[in-house]
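Please read the points below alongside the model.

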Amino acid sequence: MQLSTAHHDERLTAPRSWWGIAVLTGLAGALMLLPLGTLPLLAGLVGGTALAGVLVSSYGSARVRVVNGALAVGDARIPVSALGEPEILDAEEARAWRTYKADTRAFMLMRSYVPTAVRVEVTDPADPTPYVYVSTREPQALVSALHAARAA
């Protein structure tokens, strides 16, 4: 039995302000249904808030992990043996790699509310993906975990 040891585990949750926007969306739904009466108003408030909350939650549920010798980013799992040297990107450099330096073949897990990122070259010759771009609030910890996984 192999133990699952996570060297790095991060959830890219949505900012608190987005939850406020979800509540305001529910309020807007309630106001639109106000002319129809109290029951539709409450249904609009609850339904609109719940729907917006589900959208915020699903977008903010992306995980970045280094576990069992693989980089698990969202739905993708990439063995660290297929990755090159990771590069920490500060806010300005991360924006550049999200925009004019971006390659359409790259795998990118971007979150606009996370300013820093890590970019890792894909060294597997059979894989057409040139690099992996990962938004992360803890770039140094992610790079350290990738190095530790490669050394193990």
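1. In this predicted model, the 13 positive and 13 negative charges of the chain have mean positions 6 Å apart. Lys and Arg count as positive, Asp and Glu as negative, with His and the chain ends not counted; a charge is placed at NZ of Lys, CZ of Arg, CG of Asp or CD of Glu.

2. The model is predicted: local features need pLDDT of at least 70 and side-chain atom pairs pLDDT 80 or more, while totals for chains, interfaces and linings use all residues. Residues are numbered from 1 along each chain as its sequence is written, and side-chain values use heavy atoms, without hydrogens and water.

3. The chain has four helices and eight strands (DSSP runs, H or I of at least four residues and E of at least two, numbered from the N terminus). Their order along the sequence is β-α-α-β-β-β-β-α-β-β-β-α.

4. Of the 152 residues, 38% are buried (under 20% relative accessible area; exposed is over 50%, partly exposed in between; 1.4 Å probe, protein chains only).

5. There are four aromatic pairs (Phe, Tyr or six-membered Trp ring centres within 6.5 Å; planes under 30 degrees apart are stacked, over 60 edge-to-face, the rest tilted). One of them joins Tyr59 and Tyr113 edge-to-face, at 6.3 Å between centres and 70° between planes. Tyr59 belongs to helix α2 and Tyr113 to the loop between β6 and β7, 54 residues apart. Tyr59 is partly exposed at 32%, whereas Tyr113 is buried at 17%.

6. Trp97 and Tyr131 also pair edge-to-face, at 5.3 Å and 75°. Trp97 is in helix α3 and Tyr131 in strand β8, so the pair ties together parts 34 residues apart in sequence. Both Trp97 and Tyr131 are buried.
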